[in-house]
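Reader: Can you walk me through this one? I want the folding elements, the cores and the ring pairs.

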Amino acid sequence: MTEYLFKAVLITSALGTLLALTVSALKPITRSRFSSAWHYYVWLIVLVVMVMPVRLSFEEKPPQSIARETVTDVTQETQQIATDSMAEMAPSFKYVPEGREEIISFDIVSKIWLFVTVLLFSSKVLGYAVFCAKVRKSSHLSSLPQLSLFTDKSIEVRKSGEIASPFIMGLFKPILLLPDIEMTKEQIINILSHEMTHFKRRDVLYKWFALTVKCIHWFNPFVYFITSQINIECEISCDMKVVENMTREEEIGYVNTVLSLVSVGNSRFVAFTSNMTSNRKVLKRRFEMIKNKFKVSKKTAVISIVLSVLLLSTTVFASGIVNGKLLETPEKETKDSTPISEEQQIPDVEVKDEEGTPLESEEAFIPVYPCDGELSRGFSSGDNDRPHVGIDIIAPKGTEVVSAISGTVVFAGYDTEKGYYVTVESGDIEITNAHLDSVCVSTGDVVSCGQVIGTVGTTGISTGPHLHFEVTKEGEYIDPEEFLN
């Protein structure tokens with residue numbers, strides 16, 4: 001499961017990076033035409049793409065033989081579709097076949113990724129909790145009547161001498177933190193206009209989401225660029241919303257309020273909060289945007305929305321295609337796409353009897369009983385109301401199961417009904433061993449008659465430890481007892 005998640009994260013991380021580069025490349029054009037709010041929320045689209053591993057698949061179903069299509073009814077086809085889907089989600093085998101070292105290595109890398117992700121997020125949340133505790137300890141409640149002019153929500157107001165910039169914090173119980181300094185009525189109104197804009201837009205929730213994505217994609221350097229752009233565009237768009245209907249004199253007063261807070265002292269950025277001040281470079285850009293503010297026409301606003309939808313839909317579609325191609329389990333890929341060669345259908349293997357004497361080629365394909373046990377249920381034809389297309393052999397859990405014939409393993413996997421099962425093919429004969437506890441072969445392996453392929457279990461739909469054994473010839477079920485005898 002961890003490997004699957006990590007593979008999905010790698011794909012969405014790459015697509016998110018491409019989308020971020022596209023947005024950055026368009027910025028020289030969009031900056032002077034689209035609103036600052038558009039530049040703020042377009043990064044939200046990038047974040048959504050990076051945590052939404054959609055899967056789309058347009059693969060055609062491989063052709064089947066005419067004989068199989070004749071005997072396969074609608075119910076069996078539906079069951080097979082469910083089988084393939086559940087096989088992808090089934091737990092891995094207890095046995096690791098040879099040549100899978102690269103999968104083990106990827107498993108280690110995926111676990112490292114998950115460990116670092118949890119560690120980073122936990123440290124950020126813990127640091128935020130410690131900061132909140134310090135703020136409460138170093139601050140005191142304050143009355144701010146002007147707050148009622150902006151919202152009727154219950155917001156706790158606190159003043160602290162430990163901070164230089166006002167900010168909103170808290171998702172469920174918002175707190176407005178103000179520096180413990182003397183402020184004029186104009187400065188208070190400007191501060192409230194700015195911070196209440198953050199509050200109404202739920203910018204704190206946006207920043208929680210951005211930091212979560214940053215922790216998930218910590219290995220991607222572009223995610224740090226994306227989150228930094230979000231922080232910058234957040235303050236710029238907030239400024240532009242505040243000064244939208246201000247006169248030039250009111251704009252100057254707003255800028256002076258920001259400058260007065262900067263002069264009080266340096267303010268460090270705190271995760272999961274809004275912050276009215278910025279560094280010098282960002283402040284210069286914010287003031288230039290205020291000076292050169294412009295109104296966006298309705299036509300341009302519609303174009304910006306269409307472009308946003310186009311960027312999102314195109315990237316999600318691409319993500320679904322890539323995920324559909326790459327997020328497949330090795331067992332399903334081998335079964336569906338790897339053709340079985342003529343040599344594999346009639347394997348050239350040496351088979352020996354119990355005394356170790358090599359058997360002649362004709363004797364080598366004489367079937368053997370799959371396991372030691374007691375026959376509990378026989379074969380019944382498809383004419384019955386509840387046909388049983390195989391035989392059930394009761395045996396203790398862990399009893400060795402051998403291949404009844406020499407041939408090629410065409411499937412070794414999991415099914416909700418059959419549990420772990422192995423299907424071996426030789427020419428027009430196929431045998432299936434179901435409800436196994438463990439499997440010690442993999443799809444594509446060539447096995448000898450009498451070779452151990454797994455152990456008896458009770459996986460899938462089973463009332464107790466037993467082996468369900470099926471035989472098909474030219475696509476039709478036949479009585480396994482007659483075949484074995």
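Author: What follows goes through the chain overall, then the cores, a sheet, a strand and the aromatic rings.

Author: This is a predicted model, in which local features need pLDDT of at least 70, side-chain atom pairs count only at pLDDT 80 or more, and totals for chains, interfaces and linings use all residues. Residues are numbered from 1 along each chain as its sequence is written, and side-chain values use heavy atoms, with hydrogens and water left out.

Reader: How many helices and strands does the chain have?

Author: The chain has 14 helices and 14 strands. Helices (H or I, at least four residues) and strands (E, at least two) are DSSP runs, numbered from the N terminus.

Reader: What share of the residues counts as buried?

Author: Of the 485 residues, 44% are buried. Buried means under 20% relative accessible area, exposed over 50%, and partly exposed in between, with a 1.4 Å probe and protein chains only.

Reader: And what about contacts across the sequence?

Author: Among contacts between residues at least 6 apart in sequence, 70% join residues at least 24 apart. Contact means heavy atoms within 4.5 Å.

Reader: OK, cores. How many residues are in the largest nonpolar core, and which have the most contacts inside it?

Author: That core has 38 residues, and those with the most contacts inside it are Leu144, Met169, Leu176, Leu177, Leu178 and Tyr254. Elements giving two or more residues to this core include α5 (101-138), β3 (167-169), β4 (175-179) and α8 (221-242). A nonpolar core here is a set of buried Ala, Val, Leu, Ile, Met, Phe, Trp, Tyr and Cys residues joined through side-chain atoms within 4.5 Å.

Reader: What does Leu176 touch?

Author: Leaving aside neighbours within four places in sequence, Leu176 is in contact with Leu144, Ile155, Glu156, Val157, Arg158, Phe167, Ile168, Leu192 and Glu195.

Reader: Which residues belong to the second core?

Author: The second, separate core has 25 residues, including Ile431, Val447, Ile453 and Leu484.

Reader: Where is Leu147?

Author: Leu147 is in the loop between β1 and β2 (156-160), and this residue is buried, with a relative accessible area of 8%. Beyond its neighbours within four places in sequence, Leu147 is in contact with Ile155, Val157, Leu192 and Met196. Leu147 and Leu192 are 45 residues apart in sequence and 7.0 Å apart in space, C-alpha to C-alpha.

Reader: What is the strand order in the open sheet of four strands?

Author: The order is β1-β2-β4-β3, with mixed pairing. Its edge strands are β1 (139-141) and β3, each pairing on one side only. Two strands pair if DSSP finds at least two bridges between them.

Reader: How do β3 and β4 pair?

Author: β3 and β4 are antiparallel, over three bridges. Phe167 stands opposite Leu177 in β4.

Reader: Switching to β13. Is that strand mostly covered or uncovered?

Author: β13 (residues 466-473) is mostly covered, with seven of its eight residues buried.

Reader: Which strands pair with β13?

Author: β6 (residues 390-394) pairs with β13 in the antiparallel sense over five bridges, with Leu467 as the bridge partner of Ile393. β10 (residues 429-439) is joined to β13 by six bridges, also antiparallel, and the partner of Ile429 there is Lys473. β14 (residues 476-478) runs antiparallel to β13, with three bridges between them. Lys473 stands opposite Glu476 in β14.

Reader: What about the turn in that hairpin?

Author: The hairpin of β13 and β14 has two residues between the strands, and Glu474 takes a positive phi near 55 degrees.

Reader: Last topic, rings. How many aromatic pairs are there?

Author: The structure holds 12 aromatic pairs. Rings of Phe, Tyr and Trp (its six-membered ring) pair if their centres lie within 6.5 Å; planes under 30 degrees apart count as stacked, over 60 as edge-to-face and the rest as tilted.

Reader: Why is the pair of Phe411 and Tyr421 called tilted?

Author: Their ring centres are 5.0 Å apart and their planes are at 40 degrees, so the pair is tilted. Phe411 lies in β8 (residues 407-415) and Tyr421 in β9 (residues 419-426), so the pair ties together parts that are 10 residues apart in sequence. Both Phe411 and Tyr421 are buried.

Reader: And Tyr414 with Tyr420?

Author: The centres of those rings are 5.2 Å apart and the planes are at 75 degrees, so the pair is edge-to-face. Tyr420 is buried, with a relative accessible area of 8%.

Reader: Which residues form a cluster through ring pairs?

Author: Phe6, Trp113, Trp218 and Phe219 are linked into a cluster by ring pairs.
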